[in-house]
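Me: I would like to go through some of the labels used for this structure and ask what each one rests on. Please set the values against the cut-offs.

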Amino acid sequence: MARRPDWHDDYWLLVMQAYLHRPVGIKPMYSRIMVDLSMELHIPPQTLRNRMQQLARLDTPRIERIWNTYSSDRKRLTRAVQLLRDMKGFGAAEDFYEGVEVQESFERDFRPLDEDERFTPVMLILILNLYFQLTPITMVSGTPEVAELARLLKIKAKDVVEVLDVFQICDPYLERNEVTLSPLLLPCQRVWQRMSDKEPHQLDAFAEELKEYYR
C-alpha cells in the first residue's frame, strides 16, 4: 500500500480558519481547536502548528495568495472549508483512506482507553504529573490540587485519586507489590514507562501544554 502523504495544499484553508478563530493568531499546540484539526487530518499538532506559523509569516507566494483571497472574506472561507469537508473522506475517514496506509500515533493519546473509557492517555499523563507533586498521604480527594485537576478534566476527584493509587503501584521507589485488579494498571504502566525518561520540569512543562486541550 502506498503511504498517505502528510500534507495537501487544500489544508491551508483549514489552518487559516483555525488561525482566524478568535482570538486571532497562532493557537497553542494542544488547544482543542488544534488537536481536533490534527486528528481530522491525521497530522501531529506540532506539524500543524508549524504550518500555522508559516501562514502567519506568509512564507511563500502561494500562502500569500490564499491569504489575500480568503482572510478578509470569512464567509467565502467558510464556504470553501465546508466544500472541502464535504468531499469524500471528511467525516468518513475509513472511506477516504481506503487503500492507503494511515499510521496513528498521537491520535491514540486523545481517545478513551479501551480498558476504561473515563480516561485518555493524556489524562493519565496529567495525573502522573500531579503524582510527582504530591506525597502518598496527600493523594486524596480533599487535596486542593487533586480537586483542581479533576475540575479541569471534568471528572470526579475520586477518579483522579483512583489513578494516583494505581501510579503508586507502578512506582518502583514505593515497592508496593500488591496485586490489583484495576483495569487501569496496564495503561498507567505504559504512561509511566513512556514518561520515565523525562525530568520533572520537562514533564511539568509538557503537562502545562496538554492542559490547553481542556481549557
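Reply: In this predicted model, the buried residues of H8 pack against helix H7 (121-131), helix H9 (157-170) and helix H11 (200-211). Those buried residues are Val146, Leu149, Ala150, Leu152 and Leu153.

Me: Why are H2 and H3 called roughly perpendicular?

Reply: Their axes cross at roughly 110°. Angles of 65 to 115 degrees count as roughly perpendicular, and therefore H2 and H3 are given that label. The contact is made by Met34, Leu37, Ser38 and Leu41 of H2 and by Pro45, Leu48, Arg49 and Met52 of H3.

Me: What makes the pair of Tyr30 and Phe110 stacked?

Reply: The angle between the planes is 25°, and planes under 30 degrees apart count as stacked. The centres are 6.3 Å apart, and the limit for a pair is 6.5 Å.

Me: Why do Tyr30 and Phe110 count as buried?

Reply: Buried means under 20% relative accessible area. Tyr30 is at 15%, so it counts as buried; Phe110 is at 10%, so it does too.

Me: What makes the pair of Tyr131 and Trp192 edge-to-face?

Reply: Here the planes are 75° apart, and angles over 60 degrees count as edge-to-face. Tyr131 is in helix H7 and Trp192 in helix H10, 61 residues apart.

Key
Residues are numbered from 1 along each chain as its sequence is written. This is a predicted model: local features need pLDDT of at least 70, side-chain atom pairs count only at pLDDT 80 or more; totals for chains, interfaces and linings use all residues. Side-chain values use heavy atoms; hydrogens and water are left out. Axes are lines fitted to C-alpha atoms, for helices over the stretch in contact, and angles run from 0 to 180 degrees between N-to-C directions. Helices (H or I, at least four residues) and strands (E, at least two) are DSSP runs, numbered from the N terminus. Angles under 35 degrees count as roughly parallel, over 145 as roughly antiparallel, 65 to 115 as roughly perpendicular and the rest as oblique. Contact means heavy atoms within 4.5 Å. Buried means under 20% relative accessible area, exposed over 50%, partly exposed in between (1.4 Å probe, protein chains only). Rings of Phe, Tyr and Trp (its six-membered ring) pair if their centres lie within 6.5 Å; planes under 30 degrees apart count as stacked, over 60 as edge-to-face and the rest as tilted.
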